[in-house]
Amino acid sequence: MEQPKGVDWTVIILTCQYKDSVHVFQRELEVRQKREQIPARTLLLAVEDPETRVGSGGATLNALLVAAEHLSARAGFTVVTSDVLHSARILILHMGRDFPLDDCGRAFTCLPVENPQAPVEAVVCNLDCLLDIMSHRLGPGSPPGVWVCSTDMLLSVPLDPGISWDNFRGARVIALPGSMAYAQNHGVYLTDSQVSGVAFFSVETAEHLLATHVSPPLDACTYMGLDSGARPVQLSLFFDILLCMARNVNREDFLSGHPPEMGQGDSDIAGYLQAARAELWRELRDQPLTMAYVPDGSYSYMTSSASEFLYSLTFPGAPSAQVVHSQVEEPQLLGAESSVVSCLLEGPVQLGPGSVLQHCHLQGPLHIGTGCLVSGLDAAQCEALHGLELHDLVLQGHHVRLHGAPSRVFTVFGRLDSWERRGTGTYLNMSWSEFFQKTGVRTWDLWDPDTPPVERCLLGARLFPVLHPSRTLGPQDMLWMLDPQEDGGKALRAWRACWRLSWEQLQPCLDRAATLAFRRDLFFRQALLKARHVLEARQDLSLRPLIRAAVREGCPRPLLATLDQAAAGDPGVAARALACVADVLGCMAEGQGGLRSGPAANPEWMRPFSYLECGDLAGGVQALAQERDKWLSRPALLVRAARHYEGAGQILIRQAVMSAQHFVSTEPVELPAPGQWVVAECPARVDFSGGWSDTPPLAYELGGAVLGLAVRVDGRRPIGARARRIPEPELWLAVGPRQDKMAMKIVCWSLDDLQDYCQPHAPGALLKAAFICAGIVHVGSKLSLREQLLHTFGGGFELHTWSELPHGSGLGTSSILAGTALAALQRAAGRLVGTEALIHAVLHLEQVLTTGGGWQDQVGGLMPGIKVGHSRAQLPLKVEVEEITVPEGFVQKLNDHLLLVYTGKTRLARNLLQDVLRSWYARLPAVVQNAHSLVRHTEECAEAFRQGSLPLLGQCLTTYWEQKKLMAPGCEPLAVRRMMDVLAPHVHGQSLAGAGGGGFLYLLTKEPRQKETLEAVLAKTEGLGNYSVHLVEVDTQGLSLKLLGDETST
């Protein structure tokens, strides 16, 4: 099922306890907007709760007021007006209370999951999951209004929760199967434990709620009331705001009750709360409250229990560890049912079953046993762990600010410890008495002497050193308690000498900005190692999400340096690494600065290009990086730099494809007489499957397989060349639409006239390249053109080429034309080239010409009949051809059912080629999967030919066209789509030839000899342009080469 379109939120608000955290969490929301998790137009607000304990209800009212205030200002009002709520979609997310297992709270607890579809790579926090659920599962379909969601739970909701919003009004609570413990403390909607921390208020109900912000004592729930000196009041979202709307609740019971979160000790403010509840009853009682139950969903409240937390972050029964956004040198040391999130593990780091590592850079040897949570440690702290084996412990490194100064603090507690159990509690999984006896610590070290024994709890115990008088703190300042040594009390004295805080006292000192910065830095450290490993191991894994992450979070330079190192170190991955650099530069331009495709021959870049051309890869990469630094200042320069990096990649592709020269050989034969024409003629080709897999670098990185047919068009072989020797030491070139009609004539008297052989659009460039690739002319020679020709041949050459097909036909014209030109030239020079050698010679010529391109066109046109070309995933690039045997009479049947329709549209494959190469080098998952499918589908198509089944071949064509469109989006013009729709009832299958975008459409008709019928069908269709229908038949001859006066084909 496709994910529904996400909610286009007007405002998203994140409420938090601490004033110092507001700017930190505001940035986190903005980061998620940059990652495309939140719509670009959504207003993002991190809002401090007016008081630490205003409760979920007070925080909701305050957040609603802040949202209305901002929307009112945006709309041009000078006072808060509820009118701005009428079309607004508001999401309020509550951070909730402190969480002993993550310094940034339950919302930013990282989960051991990855989102492979995410456009930007990032660790997944609970907040991200809740945003996704609210935006794509619970939110879609709901009317404008206000959603409120707690972030203190792990939520699971099916793609379609089945909630009806027809004629909805009032408020609605979302119920899911959950635990009774959570229900009792956070709101029960029905019996059978159906609870959740999610509620929705219609616009009308939200307006009524907003109206209470000016009414005492509810005004004290908002910052406006507190700024006006009002006495704070604590409200529950469920037991105050929602409960007053519930059926079967009478006014007296409602006013006399108090929410569980208020506690018994707050009875002195019961009267104040009763007045607040009376105001809520008056304003909201007439609003209907309904419940939507999602039976297939679930939630798990994130308690402060380490055991429950570990259970939720591991995968009971999993045979191996869950490793997410982490680089692990020795993964075999990770135990089953464990998880590793955003870590860098170097050397032997052993992790026991059921344990969790988060945000750690660890260097072995280390042994972390079963039931442990270790987070926030860097390599500097690893020495303290050497020789220890941890079990059932939580070890955390914290970033704190003490009187404004940044510092690190380390805490340890037991998996089974309870933070709030009083009197009979435990520490390090042992009773207090056992702990005191083992360590020498005394009660007065931890609690004030006047604290009664029944009031003593772990939360208030001053256990954790935050400052030592003479040295930096480390984990050893806590870990000594696990196994006190016979050191004469040295460790105990050092611990007592420290300034220590309890967990409760530590919370306001936590530096959440530094914590998140540390996590981000560690994420990118492991990500850079991942990027290099993906390239060097030649993995089909896309780096584009990682590239976007590095650019959007402000650290592209380390990634560029890593890509440079990968490119300089391994010729096999250099081209892909340079393409990734181009992607980084393109991403830095942020969609500005022009199109990615464009020229790449600026003189400033010629020095680095020259290193690459000479084979100095390391020097070339270094020179590219030096030049790149001058082009980073604005989008237009970034885009141009990206084009030149792609140009550098093309040099490396060209060198790889040049390896096909290994398979080019000639045999000496008798020179034709001067003036005697050598004529080469060829059919066109039609590709039936596998196209794009023959294109470098896919041809040698993936391996290619293409099934093609040599075809005559309207009974003619439309492509040819002829060559002869002439007495003048010159080159006479001519190009035309027919053998007897030359439209362009060029004479080359000197080597200067040949210098544009590598500029595809220069007049006669292909013919000039043919002379160079045939070895007749050497442009780098000290000898002049005249001297070279006279010395070797006693004169010059005349070369004509022709194609009766329109430009951009998609029938392989330019490659086949290159083959005929080379064949004719070599024969005129007294050499004979075998067809397989000629296939590789054309690959070489097209690289010299700089058009690139694959091998399928020359295989399709130079070799006769129906065949499959193959190339292996290796260098040197070698193409092998297999003839496909079909049932007797099938070729004639095929001829009767195969037609060509010229669409009247032309498009250069090169425009499409650049996009395809960019997608391949980015290893976009859809493109990689499609490329493998193209190769696999070729064998299925060959089998359809062997069976002689037209319907099967039609299915192959239909599949193939879908594959082409996936490979090169934009290759199907609207006029062509219209034409294909009109023809669909009459054909088994159809596809545009070649890369698509225009040219010829070929189709297999259901009935034989349908040319006139289809012409009549097309004639009745408006807006098709200058089309024409042509007969086509399989050519069983392939390349023919003859000397005029000698009709023998060779």
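Buried residues make up 58% of the 1050 residues in the protein. The model is a predicted one. Its secondary structure comes to 34 helices and 41 strands, and the C-alpha atoms fill a box of roughly 120 × 75 × 55 Å along the principal axes. Of the contacts with a separation of 6 or more, 69% are between residues 24 or more positions apart.

- An open sheet is formed by 6 strands in the order 32-31-33-30-27-41, with mixed pairing. Its edge strands are strand 32 (744-748) and strand 41 (1040-1043), each of which pairs on one side only. On average, neighbouring strands of this sheet are turned by 15° against each other, direction ignored.
- Strand 31 (residues 731-736) pairs with strand 33 (residues 796-803) in the parallel sense, over 6 bridges. Within this pairing, L731 has F797 of strand 33 as its bridge partner.
- Helix 25 (residues 785-793) packs on the sheet and touches strand 30 (719-726), strand 31, strand 32 and strand 33. The direction of helix 25 makes about 100° with that of strand 33.
- Helix 26 (residues 813-828) lies across strand 27 (678-682), strand 30, strand 33 and strand 41. Helix 26 runs at about 25° to strand 30.
- D740 is placed in the loop between strand 31 and strand 32. With a relative accessible area of 63%, D740 is exposed, because the cut-off for that class is over 50%. D740 and N62 are 678 residues apart in sequence, and their C-alpha atoms are 86 Å apart in space.

- Strand 14 and strand 17 (residues 366-368) pair in the parallel sense over 3 bridges. In strand 17, L366 stands opposite V349.
- A cis peptide bond joins G364 and P365, with omega at about 10°. P365 lies in the loop between strand 16 (361-363) and strand 17.

**Helix 21 against helix 22**

- The axes of helix 21 (residues 617-628) and helix 22 (residues 635-657) come within 12 Å and cross at roughly 170°. Helix 21 is therefore roughly antiparallel to helix 22, since angles over 145 degrees fall in that class.
- On helix 21 the contact is made by L617, L624, A625 and R628, and on helix 22 by Y645, A648 and L652. These contact residues divide into 6 nonpolar, no polar and 1 charged.

**Helix 27**

- Helix 27 (residues 835-848) has 14 residues, which at 1.5 Å a residue should span 20 Å; its end C-alpha atoms are 20 Å apart, in agreement.
- Helix 27 is largely enclosed by the rest of the structure, because 12 of its 14 residues are buried. Among the buried residues are H840, H844, E846 and Q847, together with L838, I839, V842 and L843.
- The cover over the buried residues of helix 27 includes helix 22, helix 24 (765-773), helix 26, strand 34 (831-833), helix 28 (856-862) and strand 36 (879-883).

**Strand 38 and strand 39**

- Strand 38 (residues 987-992) is largely enclosed by the rest of the structure, because 5 of its 6 residues are buried.
- Strand 38 pairs with strand 39 (residues 1000-1005) in the antiparallel sense over 5 bridges. The bridge partner of S991 in strand 39 is Y1002.

**Other backbone points to check**

- Most residues other than glycine have a negative phi, and most peptide bonds are trans.
- A cis peptide bond joins L875 and P876, with omega at about 0°. P876 is in the loop between strand 35 (866-871) and strand 36.
- E36 is not a glycine, yet has a positive phi of about 75°. E36 lies in the loop between helix 1 (22-34) and strand 2 (43-48), and counts as partly exposed at 49% relative accessibility.
- N248, also not a glycine, has a positive phi of about 60°. N248 sits in the loop between helix 7 (237-242) and helix 8 (251-256), and is exposed, with a relative accessible area of 82%.

How values were computed: Residues are numbered from 1 along each chain as its sequence is written. This is a predicted model: local features need pLDDT of at least 70, side-chain atom pairs count only at pLDDT 80 or more; totals for chains, interfaces and linings use all residues. Side-chain values use heavy atoms; hydrogens and water are left out. Two strands pair if DSSP finds at least two bridges between them. Helices (H or I, at least four residues) and strands (E, at least two) are DSSP runs, numbered from the N terminus. Axes are lines fitted to C-alpha atoms, for helices over the stretch in contact, and angles run from 0 to 180 degrees between N-to-C directions. Contact means heavy atoms within 4.5 Å. Angles under 35 degrees count as roughly parallel, over 145 as roughly antiparallel, 65 to 115 as roughly perpendicular and the rest as oblique. Ala, Val, Leu, Ile, Met, Phe, Trp, Tyr, Cys and Pro count as nonpolar, Asp, Glu, Lys and Arg as charged, and the others, Gly among them, as polar. The expected span of a helix is 1.5 Å times one less than its number of residues. Buried means under 20% relative accessible area, exposed over 50%, partly exposed in between (1.4 Å probe, protein chains only).
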